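Reader: Could you walk me through this one by way of a few questions? I would like to look at it first.

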Amino acid sequence: MLNNDIIRQKLTEKFPDQLTDWNEPYGMLTFTVPAPLNLKVLQFLYDEEELKFQFLTDLQAVHYPDRKGEELAVVYHLHNLIDNVRIRFKVFADIDKPDVFSATALYRSANHMERETYDFYGVNFIGHPNLKRILNVDEMDYFPLRKEFPLEDQSRIDKDDEMFGRG
Amino acid sequence: MSEHILLPEGSIGKQTTTLNLGPTHPATHGVFQNILELDGERIMKSSSTIGYIHRAFEKIAERRPLYQITPLTDRLNYCSSPLNNMGWHITCEKLLGVKIPKRVDYLRVIIMELSRISDHLICNSIVGVDSGAYTGFLYVMQYRELIYEIYEEICGSRLTTTIGRIGGFERNFTPAAFQKLEKFLKEYPGVLKEFENLFTRNRIFMDRTIGCGPIGAERALNYGFTGPNLRAAGVDYDVRVHTPYSSYEDFDFIIPVGKTGDCYDRFLVRNEEMWQSLSIIKQAYQKVQEFKGAEAEVFHADAPAYYLPEKKDVYTKMEALIYHFKIVMGETDMPAGEVYSSIEAANGELGFYLVSDGGRTPYRLHFRRPCFIYYQAFEELIKGGMLSDAIITMSSLNLIAGEMDA
């Protein structure tokens, strides 16, 4: 039966000393992969006889402004449906050059999810067939879920907005 | 479909017609835009645009305490709000480490399965409407109303319910709620049977849906399908069984699977799931009735820091007043950590990825919306088919704009 220890052992054999931050929050195996390796790790997890992580559950990003040089974390959730094991791994990218390889060749489901991640965080997925905004308007020139865009102060009074009872 | 012949190149001007289906076309049941390239009535190419009702829930959630995010989840798949609410409560409870009593679990199961029935009922009857059979839709509305009355009795609202709280329910189910549930359990099976009789062996309906918008198992998995749409393709993946939550392991039920993944199979799978849901509700109701004495009054977990105390305690006890104030003002810190939790919503795996830095609001919250992910297959599903098949495919995938755009 596949469990977190076996997965970890297989991965460290294949990628010695390259995967870091091993962790198991709430039982889900979590680790960090260097950005240039993300496709190799995905491919290995997909193909390897015992692992077979062939279902991409979720893909999204998190912005950590304090981590200089690796502000954007792209988080992958994978699921092995046969043994029913889930894992999560993260890829960190520099916000000034947020290049991450696209997983669309392996998982078609990554198409919309990567477009969404690009839309909100500006992660540039190399090799994506159609990397453009998906939920926001095409004319938008910033990435709204980044932490440098705070939500509007709800008690502000300087706004001329008679329609909504302010100003 | 493939033997259809195009006019020879350059014979009379442009050979295809461009048609804008949506964003506000009545047959799309939501705000979607599909730009179709038609040759006669056959779809040669299509491209879809979404995001017309994007409301930035993930951004808004970053400034709200946990309990204020529940109303946001209502507006994902608004045909089955209670499922989304429960999914969110379960995620919070997982992060906070709150242990839920069995009775609350069973009450939640009743609510979740009722809402699954109401969602599938709408989806299946809309497939009927789009294939020209309005009767079924009009007929079952009355019985969805019964479900909404049960919600109303429990939480006071009908469509966007915000039902329950982190840790349980806001109050115990009233006897009237159980009476309404009994009424529903008594009347609904006959109606569902009649509804099935209207469609499943109906020659016209079969001709319209068999072989329409099919998808194979491997392709469906690769496209990230979950829920009834994946099961119609023949994969028996169900979060209720694979990762049981809310004591689903205590119930006996079957996961219906289809074979071809076409509209007809999706219809049958949803119908059978309604029967299974009915059986789960009956089992859960029986288990709820077995609690006696003080146990029969339990409707929330013991988590004073997160569960709003009763009003009479707030006015008389110091501790309750403090907790009440802290919860309402959003001044409760949550533990740092990251959690992914998912439930089997009506459309598939509804996941919540919650990252907390130990503050009062989530650092990052992401909704895994099943609709958003399987909609990418739509262009492929309708290619080469007729325009009217595209409409049925769309409704049988149960695309909900609110869930897609978040």
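Reader: Thanks! By its C-beta neighbours inside 10 Å, what does N84(A) count as?
Author: A residue is buried if 20 or more other C-beta atoms lie within 10 Å of its own, exposed if 12 or fewer, and partly exposed in between, with C-beta atoms placed from the backbone. N84(A) has 13 such neighbours inside 10 Å, so this residue counts as partly exposed.

Reader: Before we go on, what pLDDT do local features need in this predicted model?
Author: Residues are numbered from 1 along each chain as its sequence is written, while chains are lettered from A and ligands numbered from 1 in the order in which they are written. This is a predicted model in which totals for chains, interfaces and linings use all residues, side-chain atom pairs count only at pLDDT 80 or more, and local features need pLDDT of at least 70.

Reader: Back to N84(A), then: what is its phi near?
Author: Helices (H or I, at least four residues) and strands (E, at least two) are DSSP runs, numbered from the N terminus. N84(A) sits in the loop that links β4 (72-80) to β5 (85-93) of chain A. N84(A) is a residue other than glycine, yet its phi is positive, near 60°.

Reader: Which residue takes a positive phi in the hairpin of β1(A) and β2(A)?
Author: Strands β1 (residues 20-23) and β2 (residues 29-33) of chain A run antiparallel and are joined by 2 bridges; two strands pair if DSSP finds at least two bridges between them. N23(A) has T30(A) as its bridge partner in β2(A). The hairpin has 5 residues between its strands, and the one with a positive phi near 50° is Y26(A).

Reader: And why does Y26(A) count as partly exposed?
Author: Y26(A) has its place in the loop between β1 and β2 of chain A. Y26(A) counts as partly exposed because its C-beta neighbours inside 10 Å number 13.

Reader: How many helices and strands are there in chain A?
Author: Read from the N terminus, the elements of chain A follow the order α-β-β-α-β-β-β-β-α-β. Along the principal axes, its C-alpha atoms fill a box of roughly 65 × 35 × 30 Å. Of its 167 residues, 39% count as buried. The count for chain A is 3 helices and 7 strands.

Reader: Which residues have the most contacts inside the largest nonpolar core?
Author: Such a core is a set of buried Ala, Val, Leu, Ile, Met, Phe, Trp, Tyr and Cys residues joined through C-beta atoms within 7 Å. The largest one has 154 residues, and those with the most contacts inside it are L72(A), V74(A), V123(A) and I110(B).

Reader: Which helix gives the most to this core?
Author: The helix belongs to chain B and spans residues 102-130. With 14 residues, the top contributor to the core is α4.

Reader: How many residues does the contact take from chain A?
Author: Two residues are in contact if their C-beta atoms, placed from the backbone, lie within 7 Å. Chain B brings 29 residues, and chain A brings 26.

Reader: On the side of chain B that touches chain A, how many residues are charged?
Author: Elements of chain B that each supply at least two residues to this side include α1 (57-61), β4 (337-345) and β5 (348-356). Ala, Val, Leu, Ile, Met, Phe, Trp, Tyr, Cys and Pro count as nonpolar, Asp, Glu, Lys and Arg as charged, and the others, Gly among them, as polar. By class, the side has 11 nonpolar and 9 polar residues, and the number of charged ones is 9.

Reader: How is α4(B) oriented to α16(B), roughly parallel or antiparallel?
Author: Axes are lines fitted to C-alpha atoms, for helices over the stretch in contact, and angles run from 0 to 180 degrees between N-to-C directions. The axes of α4(B) and α16 (residues 387-396) of chain B come within 8 Å and cross at roughly 170°. Angles under 35 degrees count as roughly parallel, over 145 as roughly antiparallel, 65 to 115 as roughly perpendicular and the rest as oblique. The two helices are therefore roughly antiparallel.

Reader: Which residues in α16(B) do I126(B), V127(B) and D130(B) meet?
Author: By class, the contact of these two helices has 4 nonpolar, 2 polar and 1 charged residues. On the α16(B) side, the partners are I391(B), I392(B), S395(B) and S396(B).

Reader: Last one: which are the edge strands of the open sheet in chain B?
Author: The sheet has 3 strands in the order β1-β2-β3, with antiparallel pairing. β1(B) and β2 (residues 33-39) of chain B pair over 5 bridges. The strands that pair on one side only are β1 (17-21) and β3 (42-49).
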